[in-house]
Amino acid sequence: MRTVTALLFLTSIAALAQPEPPAAFEVASVKASELGREEIQTGPSSLTMRNIRMNACIGWAFDIQGYQIAGPDWLNDVAFDIFAKSAAPATEADMRKMLQILLADRFKLTFHRETREIPALILVVS
């Protein structure tokens, strides 16, 4: 009996120790659109992006600025409408992670981070 109890205890601990799978949108629609006024709206369990350039979509998903993104020229030339719903209410940070998963799935997006030097102008009062 002790063996069975110990075995059940160990399997329950192992089940709790399993990492939670990354959250993904329950339903998502990605369609090509025309370049126009970009719009991003988040709700408790939904994300709506209209006329969003891929460069801006990647920037929102990874919470980075456009100048930090390097890639092919079409990132600024193509726009999409993205409508996605999550199974449960999610924070904006969770929505960003779910969008990263969606971009990897639908566009086979891969990325890496690197440090670059870029020219800058600094204005100072003399």
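At 67% relative accessibility, Arg37 counts as exposed, and its side chain meets that of Glu39 in a salt bridge with an N to O distance of 3.8 Å. The model is a predicted one, and seven salt bridges are found in it.

**Salt bridges**

- Glu39 also meets Arg50 in a salt bridge, at 3.5 Å from N to O, and this pair links distant parts of the chain, since Arg50 belongs to strand β3 and Glu39 to strand β2 (residues 39-42), eleven residues apart.
- Arg50, at 32% relative accessibility, counts as partly exposed.
- A further salt bridge joins Arg96 and Asp63, whose closest N and O atoms are 3.6 Å apart; because Arg96 lies in helix α3 and Asp63 in the loop between α2 and β4, the pair ties together parts that are 33 residues apart in sequence.
- Through shared partners, salt bridges join Arg37, Glu39 and Arg50 into one network.

**Nonpolar core**

- The largest nonpolar core has 22 residues, of which Phe25, Met49, Cys57 and Leu99 touch the most other members.
- At least two residues of this core are supplied by each of β3 (46-53), α2 (54-62), β4 (79-85) and α3 (92-107), and the largest share, six residues, comes from α2.
- Once its neighbours within four places in sequence are set aside, Leu99 is in contact with Phe25, Leu47, Met49, Cys57, Trp60 and Ala61.

**Helix α3**

- With 16 residues, α3 reaches 22 Å from its first C-alpha to its last, close to the 22 Å expected at 1.5 Å a residue.
- Its buried residues are Met95, Arg96, Met98, Leu99, Leu102 and Leu103, and because they cover an arc of only 165 degrees around the axis, they are on the same side of α3.
- These buried residues of α3 pack against β1 (27-33), β3, α2 and β4.

**Positive phi values**

- Most residues other than glycine have a negative phi.
- Asp63, in the loop between α2 and β4, has a positive phi near 55 degrees although it is not a glycine.
- Lys108, which lies in the segment after α3, likewise has a positive phi near 55 degrees in a residue other than glycine, and Lys108 is exposed, with a relative accessible area of 62%.

Technical notes. Residues numbered from 1 in each chain as written. Predicted model: local features only at pLDDT ≥ 70, side-chain atom pairs only at ≥ 80, totals over all residues. Heavy atoms only, no water. Core = buried A, V, L, I, M, F, W, Y, C linked by side-chain atoms within 4.5 Å. Buried < 20%, exposed > 50% of the residue type's maximum accessible area, 1.4 Å probe, protein only. Helix = DSSP H or I, 4+ residues; strand = E, 2+ residues; numbered from the N terminus. Contact = heavy atoms within 4.5 Å. Expected span 1.5 Å × (residues − 1). Arc of directions from axis to C-beta. Salt bridge = Lys/Arg side-chain N within 4 Å of Asp/Glu carboxyl O.
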